[in-house]
Amino acid sequence: MKHILIAIIIFLSSACGGGSGGKSTNINELPVDEEGFILHNIRFDSKDFYEGEQVTVTTGTRFDVQWVSPSSASYRIDLYLSTNGEAHSDTNKIVRLRCGSTSFSLCPNATGEVQCEVDDNTLSCFAEGDSLGGKPFQDEDLSSLRFIIKGCDALNNCDVKTFDLLVQNISEGE
């Protein structure tokens, strides 16, 4: 009985993981991206914008913010509202979204989208009608508002895009 049990254990051990024919198949290998993590196709209301460009929004009206990640692997997106030239930080973060194929978030693949709105001196962002967060600002900050999108992959390779935000009152936009 002892010899049969040892034979079964040896058979099962050799059956598991055997048969590769000497070929190494490493499933956990990640593709090497020489450029790192770069956000593409940043769009506001379906119009492409490039870093540093001015985005005009109207108070009380929601606008779409869209992006494309270099892959659908796990990544995160942080949205910030900067006043007076401050850099992105936890103090001016609106929201952090966990995105990519392994998440159950609102951005489950390489593309993502939120809606944002400036109202009552606050920039707020939403997804599927649910509030994600907001950041207040003062009237005197209106001339220096910047919307910052920071995307990072699972290895913490990041790309930051900054856009000047021009806020118009509804009466100005008509």
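## Basis of the description

The structure is a predicted model, in which local features need pLDDT of at least 70 and side-chain atom pairs count only at pLDDT 80 or more, while totals for chains, interfaces and linings use all residues. Residues are numbered from 1 along each chain as its sequence is written, and side-chain values use heavy atoms, with hydrogens and water left out.

## Overall architecture

The chain contains two helices and 11 strands. Both kinds of element are DSSP runs numbered from the N terminus: helices are H or I runs of at least four residues, and strands are E runs of at least two. Along the sequence, the elements follow the pattern α-β-β-β-β-β-β-β-β-β-β-β-α.

Of the 174 residues, 35% count as buried. Buried means under 20% relative accessible area, exposed means over 50%, and partly exposed lies in between (1.4 Å probe, protein chains only). The accessible surface of the chain comes to about 10700 Å², and 51% of this surface belongs to carbon and sulfur atoms. Accessible areas come from the Shrake-Rupley method with a 1.4 Å probe; for residues, only the protein chains shown count as cover. Among contacts in the chain with a separation of 6 or more, 62% are between residues 24 or more positions apart; contact means heavy atoms within 4.5 Å.

Strands of a sheet pair through backbone hydrogen bonds, either parallel or antiparallel. In this report, two strands pair if DSSP finds at least two bridges between them.

Strands β1 and β2 pair in the antiparallel sense over two bridges. Arginine 43 has aspartate 48 in β2 as its bridge partner. Strand β1 (residues 40-44) also holds asparagine 41.

## The five-stranded sheet

A further open sheet has five strands in the order β3-β11-β10-β5-β6, with mixed pairing. Its edge strands are β3 (54-58) and β6 (93-99), each of which pairs on one side only. From one strand to the next, the twist averages 25°; the axes are lines fitted to C-alpha atoms (for helices, over the stretch in contact), and angles run from 0 to 180 degrees between N-to-C directions.

Strands β3 and β11 run parallel and are joined by five bridges. Valine 55 has leucine 165 in β11 as its bridge partner.

## Lysine 161

Strand β11 (residues 158-168) includes lysine 161. This lysine is buried, because its relative accessible area is 15%. The side chain of lysine 161 makes a polar contact with the side chain of aspartate 159 at 3.1 Å. A polar contact is a pair of N or O atoms within 3.5 Å; within protein, one must be able to donate a hydrogen and the other to accept it, and residues adjacent in sequence count only if both atoms are side-chain atoms.

Leaving aside residues up to four places away in sequence, lysine 161 touches Ile38, Leu39, Ile42, Glu51, Phe147, Ile148 and Ile149.

## Disulfides

A disulfide is a covalent bond between the sulfur atoms of two cysteines. A search of the whole structure, counting cysteine sulfur atoms within 2.5 Å, finds two disulfides. One joins cysteine 116 to cysteine 125, with an S to S distance of 2.2 Å. This link is right-handed, with 95° about the S-S bond, and both cysteine 116 and cysteine 125 are buried.

The other disulfide is formed by cysteine 152 and cysteine 158, whose sulfur atoms are 2.0 Å apart. The link of cysteine 152 and cysteine 158 is right-handed, with 110° about the S-S bond. Cysteine 152 counts as buried at 1% relative accessibility, whereas cysteine 158 is partly exposed at 33%.

## Asparagines with positive phi

Asparagine 41 has a positive phi of about 50° although it is not a glycine. With a relative accessible area of 46%, asparagine 41 is partly exposed.

Asparagine 121, also not a glycine, has a positive phi of about 55°. Its place is in the loop between β7 (111-119) and β8 (122-127). Asparagine 121 counts as partly exposed, because its relative accessibility is 27%.
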